[in-house]
Amino acid sequence: MTLANRCRRIGMLCVDVDGVLSPGDIVYAQASGMFQRSDCGEEKAFHVRDGSGFKRWHNAGKHSAIVTGRQSAMVSVRARETGIAHVLQGCRDKVESLEGLLADLKVELSEVCFVGDDVIDVGVMERVGLAVAVADACVEARQSAHYITRQPGGRGAVREVIELILRCQGTW
């Protein structure tokens, strides 16, 4: 199947966070006293074009979800800001988590685009209609992808994917 044909079938965009929506850096800021993770504030950076891309995606009547192995309050904030309705955090098994969500939404895997960057994403990438790896993804993720972005994770890669799909569907 061609990339354009895969894109035409997509109605739901699912993305990882660290390394995809954010550059993947985890920065801890010491809050007080002795340095322990529980005492730290965690920082994440998100790219503005990814956010505007999600707004165009939703305006086109499409659905979206975040599927991530980590948990962060900042991810929930970013999801609200960009209109991402489904946020699955702390997923030990991304395949199981995503399949549960899709069953609830009555969405087929062939209608899903998943954007990932690491080994934990490969299982999902091997099942969806359009698997995307960001430019700086690990080898395994790039090998599992139907498309590899030009932009690295956290630097507009998700916007690139949104634009690609919507252009193929004639709705950009």
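Visitor: What makes a crossover right-handed?

Guide: With the strands pointing away from the viewer, the path from the first strand over the helix to the second has to run clockwise. In this predicted model, S4, helix H3 (residues 73-82) and S5 make a right-handed β-α-β unit. Local features need pLDDT of at least 70 and side-chain atom pairs 80 or more, while totals for chains, interfaces and linings use all residues. Residues count from 1 along each chain as its sequence is written, and side-chain values use heavy atoms, leaving out hydrogens and water.

Visitor: What are the helices and strands here, by definition?

Guide: They're DSSP runs numbered from the N terminus: H or I for helices, at least four residues, and E for strands, at least two.

Visitor: How do you know that S4 and S5 pair?

Guide: Pairing takes at least two bridges found by DSSP. S4 and S5 run parallel and are joined by three bridges, so they pair by that rule. Ala-65, for instance, has His-86 in S5 as its bridge partner.

Visitor: And what joins S1 to S4?

Guide: Four bridges, between residues 12-15 of S1 and residues 63-67 of S4, again parallel. Met-12 stands opposite His-63, and Val-15 has Ile-66 as its partner.

Visitor: Why are S5 and S8 called edge strands?

Guide: The open sheet has the order S5-S4-S1-S6-S7-S8. Strand S5 (86-88) and strand S8 (147-148) each pair on one side only.

Visitor: Why is S4 called largely enclosed?

Guide: Buried means under 20% relative accessible area (exposed is over 50%, partly exposed in between; 1.4 Å probe, protein chains only). Four of the five residues of S4 are buried, so the rest of the structure largely encloses this strand.
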